[in-house]
Amino acid sequence: MTSLIFKKALQLPPPSEDDRRANDQRIIDSLRLNHLAIPLTVLRRLPSAGKGARALSCFVGRTGDGHRLIDVGGKRSYSIALDLGTTNLVALLYDNVAQKNVLTRSLENPQIEYGSDILTRMHHAMT
């Protein structure tokens, strides 16, 4: 199984007289990923994350047609998955670095008292 979020080393060359590319273009060229979206919030953290560092760790997420930079310079990354089912509600905490489940919690959907299926619940809500 391929993870949707992965950690990658970022070798960010410093600007010079011969290389005046913007930081976002340096990141795109360094990571060599197709269609990399870089949010402004991540770019704003780059100067403080890159002080004195030659190599930075970054977290990248896969999107439908490419990738998205999630964080630069962070050491940990977690995701939350929610399953809002008709019978049960489940939440899962996933460690993106170790690529394993950390915690799973579930409970019975409280709407079950209005019917066991979605159509019965909709009928109840309409009356």
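## Terms and basis of the model

A residue is called buried when its relative accessible area is under 20%, exposed when that area is over 50%, and partly exposed in between, with a 1.4 Å probe and protein chains only. By this rule Asp 95, at 6% relative accessibility, counts as buried.

The model is predicted, and local features need pLDDT of at least 70, side-chain atom pairs count only at pLDDT 80 or more, and totals for chains, interfaces and linings use all residues. Residues are numbered from 1 along each chain as its sequence is written, and side-chain values use heavy atoms, with hydrogens and water left out.

Strands are DSSP runs of E with at least two residues, and helices are runs of H or I with at least four, both numbered from the N terminus; two strands pair if DSSP finds at least two bridges between them. On these terms, three strands make up an open sheet in the order 5-6-7, with antiparallel pairing. The edges are taken by strand 5 (78–84) and strand 7 (100–108), each of which has a single partner strand, so one side of each is left without a neighbour in the sheet. From one strand to the next the twist averages 15°, where axes are lines fitted to C-alpha atoms, for helices over the stretch in contact, and angles run from 0 to 180 degrees between N-to-C directions.

Strand 6 (residues 88–95) and strand 7 run antiparallel and are joined by eight bridges. Within this pairing, Tyr 94 has Asn 101 of strand 7 as its bridge partner.

## Salt bridges

A salt bridge is defined as a side-chain nitrogen of Lys or Arg within 4 Å of a carboxyl oxygen of Asp or Glu, and the count by this rule is six. One of them links the side chains of Arg 76 and Asp 95, at 2.4 Å from N to O. Arg 76 lies in the loop between strand 4 (67–72) and strand 5, whereas Asp 95 belongs to strand 6, so the pair ties together parts that are 19 residues apart in sequence. Arg 76 is partly exposed, with a relative accessible area of 44%.

Salt bridges with shared partners also join Asp 19, Arg 21, Arg 26 and Asp 29 into one network. Within it, the closest N and O atoms of Asp 19 and Arg 21 are 2.7 Å apart; Asp 19 counts as buried at 18% relative accessibility, and Arg 21 as partly exposed at 29%. Another salt bridge brings together the side chains of Arg 20 and Glu 17, at 2.6 Å from N to O, and both of these residues are exposed.
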